[in-house]
Amino acid sequence: SDDGSEITGETASDADEEKSLEDIALDKRIAAQHAKNEKSFVERGGTGGLPTGIPEPRRLDMSEYADIIYNVIFTYMEEHPDRFPAPTEDEYILKRTFDPRIQILLYGETKGGLVSGFASEDLVAWDVRQSDGSYCILVLVRDVTGGKWRILTEGDVYKLRRELTD
């Protein structure tokens, strides 16, 4: 099937059971923002996000690591051509996630699951468009500040919520 269940090992109904009304509303707002970003990227080359209200860690200078992050993500996309389009900088296919649920999991006071033990400045999540037009979230980590970035996990917010909590 094309619902991503073979990737996450869950059925669509498993994920649906976890969705609160707030989750459903936020999922719609995020999908609308991605659609708006796709359009504005074509028209103006710029994109936006949703205000998360979550304090992020000391901001990393994007110029320091954006090219490295893009390279890691583009390589990952190329390694999974069955799920991702060929990477390009000429269209909107990725953006640092603006999902506040992921921000809380990565930058909240307590980190659990797969991200426990990582400093906030060594964690980042990006929304990446898949071949079917939907987005998945890639969580990237580096073992030490200034170290090499790598993909830790990927999935939708519901799969990541399970993996990033104790």
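Trainee: Is α5 largely enclosed or open to the outside, and how many of its residues are buried?
Mentor: This is a predicted model. In α5, the buried residues are P100, R101, I102, Q103, L105, L106 and Y107. α5 is therefore largely enclosed by the rest of the structure, the buried residues numbering 7 of the 8.

Trainee: Which residues touch the most other members of the largest nonpolar core?
Mentor: Nonpolar side chains tend to be buried together in soluble globular proteins. Here the largest nonpolar core holds 33 residues. Those that touch the most other members are I73, L106 and L140.

Trainee: Which element gives the largest share of this core?
Mentor: At least two residues of the core come from each of α4 (62–79), α5 (100–107), β2 (123–129), β3 (135–142), β4 (149–155) and α6 (157–163). The largest share is 7 residues, and the element that supplies it is α4.

Trainee: Which residues is I73 in contact with, leaving aside neighbours within four places in sequence?
Mentor: I73 is one of the core residues that touch the most other members, and L140 is another. I73 and L140 are also in contact with each other.

Trainee: Which residue of β4 stands opposite L140?
Mentor: β3 and β4 are antiparallel partners, paired over 6 bridges. Across from L140, the residue in β4 is I151.

Trainee: Where does V141 lie, and which residues does it touch beyond four places away in sequence?
Mentor: V141 lies in strand β3. Its relative accessible area is 0%, so V141 is buried. V141 and V124 are 17 residues apart in sequence, with their C-alpha atoms 6.6 Å apart. Not counting residues up to four places away in sequence, V141 touches F118, D122, L123, K148, W149, R150 and L152.

Trainee: How many residues apart in sequence are the parts that R101 and D23 tie together?
Mentor: R101 and D23 form a salt bridge whose closest N and O atoms are 2.9 Å apart. R101 has 11% relative accessibility and counts as buried, and D23 counts as buried at 6%. R101 belongs to helix α5 and D23 to helix α3 (residues 21–44), so the separation in sequence of the parts they tie together is 78 residues.

Trainee: Where is D99 found, and which residues is it in contact with, leaving aside neighbours within four places in sequence?
Mentor: D99 is found in the loop between β1 and α5. At 4% relative accessibility, D99 counts as buried. The side chains of D99 and R101 meet in a salt bridge, 2.8 Å from N to O. With neighbours within four places in sequence left aside, D99 is in contact with L26, I30 and V157.

Trainee: Is E163 buried, partly exposed or exposed?
Mentor: E163 forms a salt bridge with K159, the closest N and O atoms being 2.7 Å apart. They are 4 residues apart in helix α6, and therefore separated by about one helical turn. K159 is buried, with a relative accessible area of 11%. At 22% relative accessibility, E163 counts as partly exposed.

Trainee: Which residues do salt bridges that share partners join into one network?
Mentor: The count of salt bridges comes to 8. R101 has D23 as one partner and D99 as another. Through shared partners, one network joins D23, D27, D99, R101 and R161.

Notes:
Residues numbered from 1 in each chain as written. Predicted model: local features only at pLDDT ≥ 70, side-chain atom pairs only at ≥ 80, totals over all residues. Heavy atoms only, no water. Core = buried A, V, L, I, M, F, W, Y, C linked by side-chain atoms within 4.5 Å. Buried < 20%, exposed > 50% of the residue type's maximum accessible area, 1.4 Å probe, protein only. Contact = heavy atoms within 4.5 Å. Pairing = 2+ DSSP bridges. Salt bridge = Lys/Arg side-chain N within 4 Å of Asp/Glu carboxyl O.
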